[in-house]
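Colleague: I would like to learn how to read a few features of a structure. Please give the general idea first, then the case at hand.

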Amino acid sequence: MSETGRTAVSAGAASLWTRGSQLLLPARIPLRLRVFFRGAFALLALATLGLALSVLIEEKIQGLQSYTQGFAKTLGQISDRLRHPTGQLALLNPSMAPQPGVGLRPVVLPFSAIDFDDRAKVQQAVEMAGCGVRYALPGGQEAQLCVAIGSSPLAGGFIYAVGSVPSPALVARRVGERDLSAAHRVRVTLQMRGQTSRWMAPFEAGLEPLAAGSSLAQRGRLTGFVEGEDGQTADKPVRDFRGWLWRDLRCLGPVPSAAASAAEPEDCLRQAFFSVRLPVEVFRDDLHLRRAQVVWPPADLDRMLLRVQVLPPGADSAPLFDSAQGEPTAPFSLQALQALLLPGETLNIRSASGAQVAELSGQVDKEPSAPLMDALIRRLPVDGYDTPLVARETIRTSLGTYELTLTGDVRSVNRQLSVVATRVAWFVGAMLLAVLLTWLAIELRIIRRITVLTQRAARVSQEVKGPASAVTLDVADLRGADELGLLAGTLGDLMQRVNDDVRREHLRVQQEKDQWHAVGHEIMSPLQSLMALHGSAEDPSHRYIQRMQQAIKVLYGQASPTEAFEATTLGVQALDIAAFLRQVAQNAPHAGIEQVVLEAPASDTPLRVRADEYALEDVVTHVLSNADRYRTPGSPIELRLMATEQGVEVQVHNQGPQVPAELLERVFDYGVSDEAPLLGDTREGSHRGQGLFVARTYMAKMGGTIRLDNTPGGVTVRLSLLGA
C-alpha cells in the first residue's frame with residue numbers, strides 16, 4: 001500500500017474517532033434532560049390541577065344557571081299542581097292525612113257541592129278533586145272512599161260519602177220489609193261535638209229497568225234509617241238522607257272456568273259505586289240561626305269522624321268494606337310538594353289573612369363531602385352567586401287566596417358540586433400521584449443512570465488518543481434487566497467489539513497492501529515480456545497487452561479495487577466513436593466473444609465524443625462479456641450507435657433472460673455477481689462482480705452514464721457519451 005493510501009486510511013479512522021468523541025462528549029445533556037423532565041412533569045401536574053379547577057368553575061357557573069332556571073320552573077310546577085282541583089283540595093285541607101282504625105275526617109271540596117244523584121258527575125268530581133282514600137282488600141282488590149263537605153254553606157250543610165267497593169250480586173230490600181239485614185246495606189256512623197249519629201241504608205232496586213246497552217248490572221237507592229245504639233232502626237226513613245248504589249256490568253279479576261263463553265258470569269265480583277248525602281242537623285242549625293256570622297268550613301271539621309261500612313246480607317256477616325279497618329292510602333297532600341324542592345329551598349304557603357298554612361323544605365343531601373373541598377368550592381369566583389333567590393305566586397280558590405313564597409339557596413349548588421368534587425378529587429389525586437411516581441422512577445432509574453453513563457462516556461472520549469487506541473467503558477454497575485441496563489451492557493459489549501474490529505481492520509489493511517504489492521510485482525514482469533514479443537502496433541494482441549499494463553498501473557499500490565478505480569485519473573479527449581466501435585467489434589472474437597454485430601449510421605462526418613480510449617474499451621468489453629454470458633446460445637449481440645442531442649448513445653442488446661426489477665440498479669454495485677446467481681445464470685464459474693462496477697465508474701469519470709433496461713426478448717445496456 002502507498003503512503004497516500006495509508007495516510008487516507010489513518011485520517012478517516014481519526015475522523016471517525018473524533019466524531020464519536022464529539023457524540024460522547026457533551027456533559028450538559030443530562031442536565032438539560034433533567035430540566036426537561038422536571039419541567040414537563042411539573043407542567044403536567046399544574047395542568048391537571050388547572051384543568052380540575054377550570055372544570056369546577058365551569059360546573060359551578062353551569063350549576064348556578066341551571067339552578068336559577070330550575071328555581072323558576074319549580075315554582076311554576078308547584079303553582080300548577082296547586083291550581084288543579086287536587087292541589088286546591090290540599091290547600092283547603094292541609095292536615096287531611098287519614099288515620100288507620102278510626103275512619104275518615106271530612107275534607108273541604110274545591111266545589112260548592114256534589115251532584116250526588118248522577119253517577120258520572122259524582123265520579124268525575126271525586127276523581128278531579130282527588131279526595132278518594134284507597135284501601136287494600138284481601139284477594140288483591142281495592143276499595144275507595146271520599147268523605148267531604150262542599151266549599152259553600154249555601155249548599156245546605158251536608159256531608160258526602162262517595163266510594164266504591166268490589167261486590168257480588170246485590171240483594172235488594174223489598175219495600176215494607178222490617179228486617180234490613182236481609183239485603184245489602186250501608187252503615188254510616190258520624191262522631192262530632194260529643195255526639196254520635198248512625199244511619200242504616202239498605203239497597204232498594206230501582207223501579208225502572210236498565211236501558212239496553214247500559215254498562216250497569218244493577219242500580220238502586222240507599223234509603224236511610226236512623227239506627228240506635230242497640231242496633232234497632234227507626235220505622236220511617238230519614239227524609240234528607242239520600243243515597244244511590246250502582247253496580248257495574250264488567251267483572252273484576254279472572255272469570256271462573258265454569259262461566260259461559262259469551263256472557264259475564266253472575267257470580268263474579270263487580271265494582272259497586274255508592275253516593276250518600278248525610279243530613280247534619282248541627283250544620284243546618286248553624287246556617288239558620290247564624291246565617292250572617294256563619295263560619296264555613298266549620299272550625300271543628302278536623303275533629304269530626306265518619307265511618308262507612310258496606311254490609312252483605314246477614315246479621316253476623318263480615319262487612320265487604322269498613323273504613324275503620326285496613327291501611328288507608330292518603331290522597332295528594334301538601335307534603336308531596338316537598339319532593340319538588342331541592343336542598344336549601346323553602347316553600348311557605350300563607351292564606352289571605354296571613355295565617356301560615358304550610359312550610360316545606362327540601363331534604364338535605366346526606367352524601368358526605370370533604371370540608372376542604374367545601375371551602376375550595378366556596379372560594380371559586382362566580383358572578384351573581386350572592387344574589388338571593390325569592391319567587392312568589394298567588395293561588396285563588398273557592399274559599400280564598402293563598403300566597404306562595406319560594407326561597408332558594410344557591411349554596412346548595414356548592415353542596416352538590418362539593419359532593420361531586422369530593423368523588424372526582426380521588427381521581428385527580430390518583431393522577432397527581434401517578435405523575436409523582438413516574439417522575440421519581442425516571443429521576444432515579446433513568447436520568448441518574450444516564451448521567452453516570454454520560455460522564456463515563458465523556459471520560460472515555462478524552463482517553464481516546466487515536467484510531468489504534470483501545471476503548472474501555474466500565475458499565476458493570478449499570479447493567480440490569482430493564483431497557484437502560486440492557487443499553488449499558490450492549491454499549492459495553494459494543495466498545496469491546498469495536499476494539500476487536502479496529503485491530504482486525506489494521507491487520508486486514510496491512511495484508512491487503514502486501515497482497516497488492518505482490519500481485520503487481522508478479523504480473524508486471526510477464527507483461528513486459530509479452531510487450532516485447534508483440535511490440536508491433538499492427539498486432540491485435542499489442543492493444544490488449546497495453547490495456548493490461550494500464551489496469552495494473554491503476555491497481556498497483558492502491559488500498560482496494562474500489563478505491564483504485566475511484567482514484568484513477570482518465571485522459572479524456574476527442575474520440576471517433578464509430579471507428580472505435582468497429583475496431584472493438586472486429587477484435588471481439590479475439591476476446592472470445594463471437595457474433596458481435598455493429599449497426600452504425602452511414603456518414604462521412606465522424607461522430608466524436610469525449611472519452612478515454614482505453615477506459616471506454618474496458619467499459620464496452622465488460623458489457624459485451626456480460627451480454628455473452630447471459631445471451632441465448634447462437635444468438636448475436638447487437639451493438640448499435642445512435643446520435644443524440646448531447647452526443648451519442650451506444651446500445652448493447654442480447655437475447656436471453658431478463659434482469660429482475662429489484663436488481664436493475666444493484667448490478668452496477670461492486671461485488672454483485674451471478675454467484676448467487678443474481679441474474680439466473682446456472683453455469684459454473686466465479687465472478688467477483690467487478691465488471692459493471694468498473695463500467696459505471698469509468699463512464700462517470702468521462703461525463704457519461706450507463707443504464708440497464710429489460711427489453712422484449714432480452715436486455716439492453718445503454719451507454720451515453722457527450723459529444724466533443
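**Salt bridges, a helix and a pocket**

Modeller: Arg707 and Asp709 form a salt bridge, with their closest N and O atoms 3.1 Å apart. This is a predicted model, in which local features need pLDDT of at least 70 and side-chain atom pairs count only at pLDDT 80 or more, while totals for chains, interfaces and linings use all residues. Residues are numbered from 1 along each chain as its sequence is written, and side-chain values use heavy atoms, with hydrogens and water left out.

Colleague: What counts as a salt bridge, and how many salt bridges are there by this rule?

Modeller: A side-chain nitrogen of Lys or Arg must lie within 4 Å of a carboxyl oxygen of Asp or Glu. That rule gives 19 salt bridges. Arg707 and Asp709 also belong to a network of salt bridges that links them with Glu649 and Arg718.

Colleague: Which salt bridge does Arg242 make, and where in the chain are the two partners?

Modeller: The side chain of Arg242 meets that of Asp117, at 4.0 Å from N to O. The pair links distant parts of the chain, 125 residues apart: Arg242 is in strand E9 (residues 242-251), and Asp117 is in the loop between strand E1 (107-108) and helix H4 (119-129). Helices (H or I, at least four residues) and strands (E, at least two) are DSSP runs, numbered from the N terminus.

Colleague: Is Glu638, which pairs with Arg640, buried or exposed?

Modeller: Buried means under 20% relative accessible area, exposed over 50%, and partly exposed in between, with a 1.4 Å probe and protein chains only. Glu638 is buried at 19%; its closest N–O distance to Arg640 is 2.1 Å. Arg242, at 29%, is partly exposed, and Asp117, at 35%, is partly exposed too.

Colleague: Which residues of helix H11 are buried?

Modeller: An α-helix has 3.6 residues a turn, so residues three or four places apart point the same way. In H11 (residues 577-587), the buried residues are Ile577, Ala578, Phe580, Leu581, Val584, Ala585 and Asn587.

Colleague: What lines the largest pocket, by class?

Modeller: The lining has 26 nonpolar, 8 polar and 2 charged residues. Here Ala, Val, Leu, Ile, Met, Phe, Trp, Tyr, Cys and Pro count as nonpolar, Asp, Glu, Lys and Arg as charged, and the others, Gly among them, as polar. A pocket is an open set of points on a 1 Å grid over the protein atoms alone, where a 1.4 Å probe fits, with protein on both sides within 12 Å along at least five of seven lines; lining residues have an atom within 4 Å of a point.
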